[in-house]
Amino acid sequence: MDFYQINLVAFVLLNGSMVYRQYRQDKRAELSEKIQELDAESDTESDQGHAAKVDRAPATSSAKQFANIFFPVYVLVWGADWLQGPFIYTLYKDEKNLPEEIVARLFTTGFLAGAVSALFVGSLADKLGRKNACLAYCAITSLSCLSVLSNNISVLFAGRALGGLGTTLMYTVFEAWMVTEYNQRGLERTSLKLSTIFGRMITLSSVVAVLAGLMGQVLVSWTGTKCAPFVASIGCLAPASLIISRKWSENFGDSGAPKEKNDSLKLLLGVDKQILTLGLTSCCFEGSMYLFIFFWSPALKSSHLLAHHHSALPFGIIFASFMGAMMLGSMLFTKILTDKRWMTCRELLQAVVTLASGSLLFTIFFRSEYVTFWLFCLFEACVGMYFPAMGYQKGKVVADGERAHIYGLLRIPFNIFVVVALSLTKEGDAYREVIFMICSGLLLIVSAVVGVFLHD
């Protein structure tokens, strides 16, 4: 096996080991809850024992029911997204033979639509219902996927606009529904902690990313068209819609007065420094992550050539290794925050942002292909820890009443960041190093801001 295959096998073995250990730990926690329920039932003569029996058993049952209706939908929704991701650019550029500037405009249209829709989709979801908004996401994204079957440029632009709207919905309403439903069911009394849910979400996303990438490649090979993964995405969204419509209950934000809406805007303008800090962190980290997606391939190619290697890089194996690193990061989050409790979520978020800063900066000074690959894996591990940490912090800081509205507004700076970055992107090692240095500096600033303004 070559270097990249060895690393992929190592990630598979390490993640497999951690998944098995987590499975055993979950079984022990489940057994402990059952023992507690039996203890409560045995104390039927005391009022306190009867209260414990009535209170704890329904909560445990509700936690299982909640997991059974949320995680399958999450897997299907993210599976649909990951099926599309690897093929969007090459579909436009190679299969439809669109000029580079048109492809760039299509991508920019998607992010502009995301930025504009972030102004209103969250508040609409809070008012009309998060379940309805999740169903709307499935319908809108399905239409976006169907648009790629056309060669009409207007249809393609409309499809990218719908895709941008769908992305804003995906990153706001599903999480808003989940956190509010979790709170309404009182699941904090069970072993299913909110931090554990966020950790499992990213772990599942990593696994689904690898499987969706492989499935997408098989579909393209079988059908001879890169439109096939987009059609398969609709096949994921249809059962997700069915589960949502039949199994999910509706939850809303606070219906209210204009005063409440003004208060939410004041929060983002700085009255609540914690929400402003989360917005800055989201903008800089997720923006850096998106630029990393653009630049990791040419960066590794450059290091590969500097090592006088002229063979083609195995990008599929490298991508799978990155997803393995991200999965490892998500499980480390659960281990650090929930199991061992070595540090608080704020401390972990600050450490993750600092590590991500260093991983990007050191790629400028260490040009070795293997070191560059490992630094990129470190960055992906940081991504795996960042998303559950950020989700957990937002779950604590943002009130249920305007959760989707605030989540949507928090995505506006990120979308603007990406649009500006896309408009300035150039080729070449020197420009890429400048971008990595800027991102590293921004992440260091974010780390300091998190340490000062974000509370445990």
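Which residue forms a salt bridge with Arg367? I looked up Glu433 and found its closest N and O atoms to be 3.1 Å apart from Arg367. Glu433 lies in helix 16 and Arg367 in the loop between helix 13 and helix 14 (369–397), so this pair ties together parts that are 66 residues apart in sequence.

**Ground rules.** I am working with a predicted model, where local features need pLDDT of at least 70, side-chain atom pairs count only at pLDDT 80 or more, and totals for chains, interfaces and linings use all residues. Residues are numbered from 1 along each chain as its sequence is written, and side-chain values use heavy atoms, with hydrogens and water left out.

**Entry 1: salt bridges.** I noted the cut-off: a side-chain nitrogen of Lys or Arg within 4 Å of a carboxyl oxygen of Asp or Glu. Helices here are DSSP runs (H or I, at least four residues), as are strands (E, at least two), numbered from the N terminus. I searched the whole structure and got 7 salt bridges.

I then checked accessibility (buried is under 20% relative accessible area, exposed over 50%, partly exposed in between, with a 1.4 Å probe and protein chains only). Glu433 is partly exposed at 24%. Arg367 is partly exposed at 28%.

Next I took Arg432, which forms a salt bridge with Asp429 at 2.3 Å between the closest N and O atoms. These two are 3 residues apart in helix 16, so about one helical turn separates them. Arg432 is buried at 6%, whereas Asp429 is partly exposed at 31%. I saw that Arg367, Asp429, Arg432 and Glu433 are linked in a network of salt bridges.

I also looked at Arg185 and Glu181, whose side chains meet in a salt bridge (2.9 Å, N to O). They sit 4 residues apart in helix 7 (residues 153–185), about one helical turn. Arg185 is buried at 19%, and Glu181 is buried at 4%.

**Entry 2: the cavity.** I wrote down the term: on a 1 Å grid over the protein atoms alone, a cavity is a set of points where a 1.4 Å probe fits but cannot get out, and lining residues have an atom within 4 Å of a point. A volume is the space filled by probe spheres set on the points, which are joined across faces, edges and corners.

I found 1 cavity of 30 Å³ or more. The largest cavity holds about 90 Å³ of space. Its lining includes Arg367, Asp429, Arg432 and Glu433. Which helix gives the largest share of the lining? Helix 16 does, with 4 residues.

**Entry 3: rings.** I counted 32 aromatic pairs in the structure. Rings of Phe, Tyr and Trp (its six-membered ring) pair if their centres lie within 6.5 Å; planes under 30 degrees apart are stacked, over 60 edge-to-face, and the rest tilted. Phe3 and Tyr370 are stacked, at 3.9 Å centre to centre and 20° between the planes. Phe3 lies in helix 1 (residues 3–42) and Tyr370 in helix 14, so the pair ties together parts that are 367 residues apart in sequence. Phe3 is buried at 16%, but Tyr370 is partly exposed at 34%.

Last, I looked for charges over rings (NZ of Lys or CZ of Arg within 6 Å of the ring centre and within 35 degrees of the ring normal). The charged end of Lys394 sits over the ring of Tyr407, 4.5 Å from its centre. That of Arg411 sits over the ring of Tyr171, at 4.3 Å.

Key:
1 Å grid on protein atoms, 1.4 Å probe; cavity = no way out; pocket = protein on both sides within 12 Å on 5 of 7 lines; lining within 4 Å.
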